[in-house]
Amino acid sequence: VTNPNLLMALFAVSLFPAFMLAAEVGRRRGLAYLARDPEGLPKGTGAAEASVYAVIGLILAFSFSGADARFEARRHLIMSEHNAIGTAYMQLDLLPEPARSEVRKDFLLYLDSRIATYRESYDRAAIEIHLKRTAAIKDRIWKKSVASTLDRGSHPNASTLLLPTLREMFDIATTRWLALTDHPPLAILLLLTGMNMVGAMLSGFATSVNKRRPWFYTWILASVLSVTQYVIVDLEFPRIGLIRLDAADQYLVELRASLP
């Protein structure tokens with residue numbers, strides 16, 4: 001299995017030299033133009049350059065805003081699942097024995113499976129196994145709970161209180177999985193990379209009038225573009241890279257430790 005963490009690291013280290021190379025290509029194009037026309041670089045190109053940089057800024061802003069919003073939504077879903085599982089577990093007191101103890105055991109297995117599902121986030125085969133296991137446990141919890149709420153020994157409001165909470169708990173699990181796989185189209189990420197390359201090339205072209213390469217200026221531009229794009233991509237994939245949901249996962253781990 002290819003480790004996505006390694007792929008993310010390779011992606012991160014490749015951005016800076018890619019933008020530096022684009023700036024160098026732009027500079028050489030500018031030098032070639034100057035060799036043909038000693039009067040200097042073409043005039044009146046400021047409007048075109050400003051338009052390109054405005055589009056780059058717009059794409060970066062929307063991409064970062066969308067990635068950050070999806071990251072926060074995924075984090076809030078983890079806390080929502082934590083609350084739903086905790087509430088449902090307490091409401092199991094409405095069920096009679098021995099069903100109450102049996103469903104509680106299944107709850108602990110369900111929570112263990114939910115934690116394990118995202119612990120091995122880059123192993124697709126392991127995730128599929130955990131999802132199937134979770135589905136089987138969920139089915140047992142639901143069937144036992146429905147049957148127990150009809151028992152004479154259960155609380156009169158067991159069905160109206162417990163069953164909706166269980167449905168919410170199961171729905172959040174599905175929503176979490178869909179949210180984790182919700183990403184912008186690949187074309188958007190390619191467009192972002194392409195526009196950043198164009199911006200670096202225009203920068204290199206504009207600085208070709210200098211006899212010496214303005215390394216500091218080029219380094220700053222390449223660093224800003226590469227770091228910004230990396231953060232956007234890292235936010236989109238919070239189970240790999242540097243920006244992760246591990247801190248939010250701890251809520252479920254602590255809940256599991258607190259349940260008897």
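Helix 6 (residues 186–206) has 21 residues, which at 1.5 Å a residue should span 30 Å, and its end C-alpha atoms lie 30 Å apart, in agreement with that expectation; the expected span is 1.5 Å times one less than the number of residues. The model is predicted, so that local features need pLDDT of at least 70 and side-chain atom pairs count only at pLDDT 80 or more, while totals for chains, interfaces and linings use all residues. Residues are numbered from 1 along each chain as its sequence is written, and side-chain values use heavy atoms, with hydrogens and water left out.

**Helix 6 and its cover**

- The buried residues of helix 6 are Leu189, Leu192, Met195, Asn196, Gly199, Ala200, Ser203 and Gly204, where buried means under 20% relative accessible area, exposed over 50% and partly exposed in between, with a 1.4 Å probe and protein chains only.
- Helix 1 (4–36), helix 2 (46–91) and helix 7 (215–236) are included in what covers these buried residues of helix 6.

**Overall fold and dimensions**

- The chain holds eight helices and zero strands, and along the sequence these follow the pattern α-α-α-α-α-α-α-α; helices (H or I, at least four residues) and strands (E, at least two) are DSSP runs, numbered from the N terminus.
- The radius of gyration of the chain is 27 Å, whereas a compact globule of 260 residues would have one near 18 Å; the value is taken over C-alpha atoms, and the globule rule is 2.2 Å times the number of residues to the power 0.38.
- Along the principal axes, the C-alpha atoms fill a box of roughly 95 × 35 × 25 Å.
- Among contacts between residues at least 6 apart in sequence, 80% join residues at least 24 apart, a contact being heavy atoms within 4.5 Å.

**Surface and burial**

- Of the 260 residues of the chain, 39% count as buried.
- The chain exposes about 14,300 Å², of which carbon and sulfur atoms supply 65%, with accessible areas from the Shrake-Rupley method and a 1.4 Å probe.

- Ser148 belongs to helix 4 (residues 124–149) and counts as buried because its relative accessibility is 7%.
- Leaving aside neighbours within four places in sequence, Ser148 is in contact with Leu95, Pro96, Ala99 and Ser154.
- Leu150 lies in the loop between helix 4 and helix 5 (158–180), and at 70% relative accessibility Leu150 counts as exposed.
- Leu150 and Leu95 are 55 residues apart in sequence, with 9.5 Å between their C-alpha atoms in space.
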